[in-house]
Number of protein chains: 2
Amino acid sequence: MAEPAPAAAGASDPTKEPSKNALKKAQKEKEKAEKKAAAKARELAERQKKEAADAEDVSKDSYGELPLTGSKDFKVTGTKREDLSQIADFEDKEITFRAWVENARVQSAKLAFLNLRQGLNTVQAVVAASEKLSKQMVKFSGNVSTESTVAVTGLVKRVKEPIKSATIKDFEIHIQKLFVESKAEVPLPLQVEDAERPIPSEGLGEDDSKQEESDGRPLVGLNTRLNNRTIDLRAKINHAIFIIKGGVCALFQEFLSQKGFILMQTPKILGSASEGGASVFEVKYFDRPACLAQSPQFYKQMLIASRFQKVMEIGPVFRAENSNTARHLTEFTGLDLEMEFQEHYYEVVGVLEELMLFIFTELNKRYKKETDLVRSVYHVDEFKLPEAGKVPRIPFSEGIQMLRDAGEDLNDYDDLSTPQEKKLGRLVLEKYGSDFYTLDQFPLAVRPAYTMPSPHDPKYSNSYDMFMRGQEICSGAQRIHDAELLSKQMREHDPPIDPNGAGTKDYVDSFRYGCPPHGGGGFGLERIVQFWLGLPNIRMASLFPRDPVRVTP
Amino acid sequence: MAEPAPAAAGASDPTKEPSKNALKKAQKEKEKAEKKAAAKARELAERQKKEAADAEDVSKDSYGELPLTGSKDFKVTGTKREDLSQIADFEDKEITFRAWVENARVQSAKLAFLNLRQGLNTVQAVVAASEKLSKQMVKFSGNVSTESTVAVTGLVKRVKEPIKSATIKDFEIHIQKLFVESKAEVPLPLQVEDAERPIPSEGLGEDDSKQEESDGRPLVGLNTRLNNRTIDLRAKINHAIFIIKGGVCALFQEFLSQKGFILMQTPKILGSASEGGASVFEVKYFDRPACLAQSPQFYKQMLIASRFQKVMEIGPVFRAENSNTARHLTEFTGLDLEMEFQEHYYEVVGVLEELMLFIFTELNKRYKKETDLVRSVYHVDEFKLPEAGKVPRIPFSEGIQMLRDAGEDLNDYDDLSTPQEKKLGRLVLEKYGSDFYTLDQFPLAVRPAYTMPSPHDPKYSNSYDMFMRGQEICSGAQRIHDAELLSKQMREHDPPIDPNGAGTKDYVDSFRYGCPPHGGGGFGLERIVQFWLGLPNIRMASLFPRDPVRVTP
């Protein structure tokens, strides 16, 4: 109870007989004072009640915002923080982990729910008031801003009904402690939830406007996503894409190093353009001009001439092509390899085909979860692999014939347009049952000057492209390993190339001192990822894509 | 025998008595005719002898120059070509393999020797005339030009005395067939044999002249070697260096992917300089200026903000620094990693130290042969690893004190000079018995603006360098994951950085939406290789090195 208000009539003299008016006035003042005192008492009571309640916050050490982690204690201590993929091991036990808040909501004064994410896992968490957990903590927990990073301790409980909204369906966390490690500002420039949904089919690359999907949820354009890429990348679908991309690199290396290929790094800054100067980025190199490598082609061949029998490289490739398409980037990742062969360039083609089959097979095994996740958003047919592991190897002339039979008007030595390539891909899939195939023996005229002419018909060449779902992912060939023939073919090339030029002489000369026959190929990593997953735009397979109009973030 | 010469006296009539003069004349003519006939007979005899000998060349299908390998037969056929490392399996059997000629010499009309190389293996081969092998083939084989590529078939024979001049000491090849696949021009611009020997100690980078070693063999300067790099690289020592370099990359990835790190590719073309514009290469990006990434620093942190918990990258790094030293390149390979941590940046330091110990230990195991080969040319002490796997982690202040005790004049917050770093390396080796150590808690003022200050003393920071043999190979830190603190520290940095600048805003903003505490580091791959092997110059660890004066080949 509040203390009684002190006598409010200090202004009146009790020994003096009061007049009626004076009495009335005194009465009024008394009432006023009493009211004031009551208000004061109420205020006090409330304050005391609140203080008492605060004193009662049994959870006050179990929640709140942590100070900035500055690694204060030099001894690494604290509870071990777990990986949510191990949650089943913690049934009915306490678990501590870091997560970020997908969303948090107060259900009632006594109950809050949070969806927490860690990697590709999401879990439901409950904060329920009890003797041991205060309503204040419920309120705090239910109001943590979306995308904040939190450190959570709780009990792992099996649930009766599977939880639909989380990837972890059989367990939920009964939170005991919740600390905000890094608070997200409000509002977010992009909702991660929106980034989980497909890009609008009309808005590839250019369209920024939000469009409505039939069920009323927004579809955010690719440009808006890329402008806010660090939020966009948080989406599970994007994590899956880049886990797969890293996986393709790892599988590429695993297969090839097992075959004796050595990983190399060739220079990206060149003194002069090597393979024609048209699509090259210029660099100011101290006081002289230089340029960026359009491919490691010359260098990987020079390494073969240096007697490294099998080399591979994973590195950036720069193309100053003003191509604003869904499958071109100005900077992409090249998966390159080059090898000597003994007698026939089919030894090389065989390695390339086997390599890709290995990658596809292992993606299906090791990255199934991630592949399924992406394909659940971008619905695409399963990637068909050839039966018995025999990749269709189709002569270019046969490809031309297949297209002609399907109504295309083509000359024997015409290069294929992108729509023709796609059409051929469909025809090959029908005929050979494979989404992956090799087109072999291209016309010499459409290939680079260093391509070995066919010994059977000099209008063709020992060169090949490889396709996924009818789109080119690889270009390769037997290269000319004889300096005289190479020089001749460079001079006769359209446009002619000077074999004694600043960017070519060292390359041509490297074949004068006993270079073995060799061949190889270059894959576009982002294209492999794009076509494997059926992504509508190659930019989605690049962390921070570069194209003729985008060079940020 | 030659046919007898026809009677030469056809001009005289045997029925007519000849005069004395006529007789004399006839006698003379007869002699002349006989001489002529004899000469003709000799000539014929020789021709016939030669024809007979040619007919006798029992080896004529077993040697010669092959036509240019144009992959003529579409069926891959022919004898399987073996790897010389398997030679012991072929004792007393026939083997076919490709090799290149280290040298060939005719010993006698009946005997020639060749030293053949394949990869890091060399073997001695004998061509001995016999009923089955012609002298012509001996002559041809002994005259194949050095560095030509050859296809060889022969019998593998065990030798009684180990062969000193080859890596394969117990076997030699008795050649049956030898074909030149690609003939090397004469003379070579650089002898591979010379490239096997050390560079002259005075001629690091600049000196082109040939110097004499004490035993009279030439020491070729580094510039000459780099100008003829495709020949230079053929040396076994260079093969070993780049096998080890590829190995470091593989071990880096093996260790980190096992720990859950994802391999990433961040952009190398940036819209604006990020970490200060001083040492940045400018690029002409279509109609606007851009530049090359000096490190993946900003991007790998943005990936942590994007909730990739652990990321790694192997990629080129570009530094427009006019540093002409034995340990600087303008383009090198960065081994980068970044990870969130839970409570203390020592979690990160621990991973980095463990990573490097793994790499060193496995290099000793898996690349011992290559390491020994290089160290046999560049004599260097074995790389000392710390006992019990505990990497010395020395506070910067202790490092300063050690140097002061050793006579160096240093203030508390001074950065170390290169000679001081080397000296400290020697002191640490003496005191802790390790060639690898971490220097921790650098002064804040000498570190980048994004470095987390020490919670104990704001003049220090949660940052570290790692050293091999007293030379820096890695720089790392806990990074500021709070946008406000980061902005403040950027503004207060010397020189100040605008947190809202074109190259910084996206980066700073990525920390507004709940970024976890994180740290990482960047290693220079070429430096690891250089200091592991004790190479006198970092250019030797780059295939085609780039420095302020070299951008070719």
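Q: Which helices and strands each supply at least two residues of the lining of the largest cavity?
A: In this predicted model, local features need pLDDT of at least 70, side-chain atom pairs count only at pLDDT 80 or more, and totals for chains, interfaces and linings use all residues; side-chain values use heavy atoms, without hydrogens and water. Residues are numbered from 1 along each chain as its sequence is written, and chains are lettered from A and ligands numbered from 1 in the order in which they are written. Helices (H or I, at least four residues) and strands (E, at least two) are DSSP runs numbered from the N terminus, and a cavity is a set of points on a 1 Å grid over the protein atoms alone where a 1.4 Å probe fits but cannot get out, its lining residues having an atom within 4 Å of a point. On that basis the elements are helix H6 (236-258), strand S13 (310-318) and strand S14 (331-340) of chain A, and strand S13 (310-318) of chain B.

Q: What volume does the largest cavity have?
A: The structure holds 7 cavities of 30 Å³ or more. Grid points are joined across faces, edges and corners, and a volume is the space filled by probe spheres set on the points. For the largest cavity this gives about 280 Å³.

Q: How many charged residues are in the lining of the largest cavity?
A: Ala, Val, Leu, Ile, Met, Phe, Trp, Tyr, Cys and Pro count as nonpolar, Asp, Glu, Lys and Arg as charged, and the others, Gly among them, as polar. The lining has 12 nonpolar and 9 polar residues, and the charged ones number 6.

Q: Which strand gives the largest share of the lining of the second largest cavity?
A: This cavity holds about 180 Å³ of space. Of its 20 lining residues, those closest to the centre are Gln265(A), Thr266(A), Pro316(B), Glu331(B) and Thr333(B). The largest share, 4 residues, comes from S13(A).

Methods
On a 1 Å grid over the protein atoms alone, a cavity is a set of points where a 1.4 Å probe fits but cannot get out, and a pocket is an open set with protein on both sides within 12 Å along at least five of seven lines; lining residues have an atom within 4 Å of a point.
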